[in-house]
Amino acid sequence: MGVVARTGAPDRHSELLAQQTTDMPPIDYAAIAPVLIVLVAACLGVLIEAFVHRRQRWAAQVVLSLLAVILAGAQVIRHAREINTGGTTLSDTVAVGPATLFLWGTLLALALGAILLIADRSIEPGGAFVAETNTAETPRQPADAPGAASASVMDRATASVAGMRTEVFPLTLFSLGGMMVFCAANDLLTMFVALEVLSLPLYLLCGLAKRRRLLSQEAAVKYFLLGAFASAFFLYGLALLYGYAGSVKFSDIADATAGSLRSDTLLFAGLGLVIMGLLFKGSVGPFHLWTPDVYHGAPTAVTGFMAACTKVAAFGGMLRLLHVAFSASSWEWHWVLWTVAVLSMLIGVVSGLTQRDLKRMIAYSSIAHAGFLMVGAITLTERGLSATLFYLFAYGFTTLAVFGLIGLVRTSEGEATHLSDWAGLAKRSPLLATVFTFLLLALAGIPATSGFMGKFVVFSAAFSAGMGPLVVIGLLASALAAFLYLRVIVLMFFNDPAPDGPTVSVPGAFTTAAITLGVVVTLLFGLAPQLALDWASVGGFVS
Amino acid sequence: MNLLLALILLPLLGAIVVALLRGNERAAKPVALGFSLVELVLAAVAWLSYQPGGARLQLSGSVEWIPQYGISLSFGLDGIALVMVAVIALLMPVVLGFSWQERLPAERSRGGFFALLLVEQALTVAVFATTDLFVFYVLFEIMLIPMYFLIGGYGGSRRQYAAVKFFLYSFLGGLIMLASAIGAYSYAASATGRGTFDWATLRGVLADAPTSVQVWIFLGFFTAFAIKAPLVPLHTWLPDATEQAPIGVAVIVVGVLDKVGTFGFLRYSLPLAPEASQLLAPLVLTLGVIGVLYGSLQAFGQTDLKRFIAYVSIAHFGFIALGIFAFTSQAQVGAASYMVNHSIATGMLVLVIGMIIARGGSSRIADYGGMARVTPVLAGMLLIAGLSTLSLPGTNSFISEFLVLIGSFTTRPVFAILATVGMVLAAVYVLRLYQRVMQGPLSGTALLDSVGGPGAATDPEVAVDGGSGPGASRLALRDLDSREIGVLAPLVVLIVLLGLYPAPVLDVITPSVEATMSEVGVTDPVTSQGGN
């Protein structure tokens, strides 16, 4: 246990508790600075909502959010250079090590892209998150009230006047802060709190799509209800594990699992429930049911944020939990997760083939990718860890760019995500079609893209860990999945466009930047993966 | 290394230039041809600088790529790779020359077509030249993408189906090969403590691997290459791809792309899994001979000119597989030289058939008849290509097929005898095709339509079949023009030259084949018999 806190802290800590005094535990501010920056910026964002005039809010929020993410990223890089193995802080509730810093860096970079997508106002007048026209004359009505559903599909002119609902920015930052804590949590309770902090803003964000209010609200409600269930499962599992180990700390659970005579029923029931909560967040396998609806209904920029960042956070948390707390008992549970990985790949690929909507199809593809990630996550070797981290990194950027591009193809009704709308797109906009093809090939895992490198490192790590059959299943699933993406490429390049097809918006600077970021990362790390692999394999998790 | 690097990068550079010029067809076409001719000169220089008795891999060089996984961008040529590089360098200007005026689907630019062809050339050269297993896999898969767009974007009426089928088949095979490659890497990591994808190192490590490991590795590679080179149960993508692809692309597919599969047998399957290769040789030989017979019978029964070529190729790939897995150096030299000669012979056959289709506007055999009266030169060309395809003595293919059969007879007499039946069938299907298309009175709807003879008002389906407008089939039936003769001339010269004097190719190939044989650990039964 690498301890940054002063020596002897645990003893004195328990003594202090007994005396009921409130002495602060030692805090390693340098380690948790990135999280603090993001959360403070989120709080400032709320204040901006309250006190800054509506006309200046957008600019203020965008500057604040971008600044916070960049500052936090700089701090992550600075800290990554300083530490060796990392350590725990805040009374051992948070552990910051190389792997966690890699996850934080990935999350922040992805969030940067997502915020750029969210902030763009040029594609749709007023942006995707346009505000209600509740000026002083009209009675104030909360935007999410039931009656707003019909009124909200407003014409574009009104939308451009009304401006943007700028509370998306603090919500995004809160969620991001939660994700970062989630990847660093060193006990189950902190993990649960972080899970809620990351989830609750997401539920709200999902409901903010302007032009498809009903779909969007349905998505939000569905996500909230299922998410609440998942949280409850997690909490119940937490309680069982506490009963098993007598502690919620990862390190104590790990000690307890290493050859004790306690009740295995408690352990596996608890682990199962906790993992179920995590699998839900990562939209893995049979716990995926919310994914297509939510991806479909949420505003595309938010979908990009969710697909990229939530996946990283969920798998980051799962990797930490499995590596730190449950590696000793892996022999008993790993076949369950084998099944989950296989199911996830199959469900994603097979259901994806039947989809007629692009966002839903990408949602199913993300379920298949979650299956591939599971293959890496359950290796429990150092190579497997770094491989899974790299996969997350690569997948996040590709997905972000994919959703950025999906947002550009629109009809007068809004986004055109039905597959038939994309027919012959290469004739209308060769550049968009080419870039999108490249990203789809990356998702399919064609060489020279980061997607392939991710698959390669994950599968080779799994193979070395003795999971040959799973690797073969994974490779076959990849081949099937390729058909999923080829279908779209065929549609774009070889089919004739419909006469009243959608138009391709010229992206604004922000969207262009976000898409470019995703595409460049996809290409760069396909050709030179060692840049990220080096960092991902510096070291594992600490506890 | 520098020369080899230039061989890989030059077509890529050419592709970029041509892609930039694609709006201006008059400029793009000569530039593309110019690049392909310079590439041909470079290939000739590489051939001349190659020393047949020298190092196993020549012109080699290496740059680290992903050191964590022991992957480096390393390249080098052995004799077999060299002749394949030379073949594609030769075929590319020929294909560009053929496609100079070929009809493309509406709204497709010829510049883009040529640029994609050049990209394909660069990737193919690289795939033959690489000596790193991982890089080989990467190129093996990337190669599919330009080909996918060439077939899907420029092909016939069912091109999308053919392109997707082609892509998925090869991609699936590639992924199975990746599993084997990862397995080889893991085995090397556990055996030597350091994983690597370097071909030479892996060869040394895997030679001592237990047979069970080798069998799995062999099967992975075998699946990929058997799809690529199509061996019989995995061949169904080839007829569709050949039928739907534009003629120039079909030449590249059957002439070069498929050779990656047979090349893979020689370069990867045999040396990396020597024991398993011998153990499973009967399986491959069976598939090969089935391929020879099945392909020949199918070719006999085809009603479509392009599908006919595909089945002819399938039969020939059966021969090549037979030669490789008979494990005598004669048979392997025959197989390796067959790879070259098949490219030249079948390449020419595809081109001539393309010229016939360009005249008749249909690819149905029944739409043609008695062309020789009107187009004697074209008929002569079809005859030369056909005779080379059926391995008439004096043409280039004869010596290869002969070596394969005589070499395999010493170790596998049953398979050799069965394959000989294929030679007879080849004569039947080639001559029958020639007879139906060229001899007799001028007949067939496509032709009568175009010369305006009796029965000119025929069913409109003919024109639709060929994917061409009615205007195209109204062209007067004319013999080959000087461009078409120029395109075919180098191939005719090579067919005759290599038929009479095959030494240049055999001299380059033989040392590499012998090296492969010794890597597998097989001694030639022929020499030992000669000693007794």
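In the predicted model described here, B:Phe327 lies in the loop between helix H15 (305–325) and helix H16 (329–360) of chain B, where helices (H or I, at least four residues) and strands (E, at least two) are DSSP runs, numbered from the N terminus. Residues are numbered from 1 along each chain as its sequence is written, while chains are lettered from A and ligands numbered from 1 in the order in which they are written. Because the model is predicted, local features need pLDDT of at least 70 and side-chain atom pairs count only at pLDDT 80 or more, whereas totals for chains, interfaces and linings use all residues.

Although B:Phe327 is not a glycine, its phi is positive, at about 55°. This residue counts as buried because it has 26 C-beta neighbours inside 10 Å; a residue is buried if 20 or more other C-beta atoms lie within 10 Å of its own, exposed if 12 or fewer, and partly exposed in between, with the C-beta atoms placed from the backbone. A positive phi, of about 60°, is also found at B:Ser391, which is not a glycine. B:Ser391 belongs to the loop between helix H18 (376–389) and helix H19 (396–411) of chain B, and with 28 other C-beta atoms within 10 Å it is buried.

For residues 131–424 of chain B, an unreviewed UniProt entry lists "domain: NADH:quinone oxidoreductase/Mrp antiporter transmembrane"; UniProt positions are given in the numbering used here, feature names are shortened, and annotations may be inferred rather than shown by experiment. In the model, this span is 82% helix and 0% strand, and its end C-alpha atoms lie 39 Å apart.

Chain B also contains a hairpin, formed by E1(B) and E2(B) with 4 residues between them, and B:Gly70 in the turn has a positive phi of about 60°. Strand E1 (residues 58–66) and strand E2 (residues 71–77) of chain B pair in the antiparallel sense over 6 bridges, two strands being paired if DSSP finds at least two bridges between them. Within this pairing, B:Ser62 stands opposite B:Ser74 in E2(B), and B:Glu64 stands opposite B:Ser72 in E2(B). Of the 7 residues of E2(B), 6 are buried, so this strand is largely enclosed by the rest of the structure.

The mean pLDDT of chain B is 84, and 92% of its residues reach 70 or more. Confidence is highest in helix H5 (residues 133–142) of chain B, at a mean of 91, and lowest in helix H22 (residues 461–465) of chain B, at 39. Over residues 453–475 of chain B the pLDDT stays under 50, and the model has 41 contacts beyond four places in sequence for this stretch, two residues being in contact if their C-beta atoms, placed from the backbone, lie within 7 Å. The pLDDT is likewise below 50 over residues 527–532 of chain B, a stretch that has 1 contact in the model beyond near neighbours in sequence. Where pLDDT is low, the predicted coordinates should not be read in detail. The model as such scores ipTM 0.82 and pTM 0.86.

The secondary structure of chain A comes to 22 helices and 5 strands, and 59% of its 543 residues count as buried. Among contacts in chain A between residues at least 6 apart in sequence, 81% join residues at least 24 apart. In this chain, 3 strands form an open antiparallel sheet in the order E4-E3-E5, whose edge strands, E4 (414–415) and E5 (503–504), each pair on one side only. Strand E3 (residues 409–411) of chain A is joined to E4(A) by 2 bridges, and A:Arg410 has A:Glu415 as its bridge partner in E4(A).

Helix H13 (residues 300–325) of chain A includes A:Met318, which counts as buried with 26 C-beta neighbours inside 10 Å. Leaving aside neighbours within four places in sequence, A:Met318 is in contact with A:Leu278, A:Gly282 and A:Ala377.

The contact between the chains takes 22 residues from chain A and 24 residues from chain B. Helix H19 (450–464), helix H20 (468–494) and helix H22 (530–536) of chain A each supply at least two residues of the side that touches chain B, and H20(A) gives the most to this side, with 11 residues.

How values were computed
pLDDT is the predictor's confidence in each residue, from 0 to 100.
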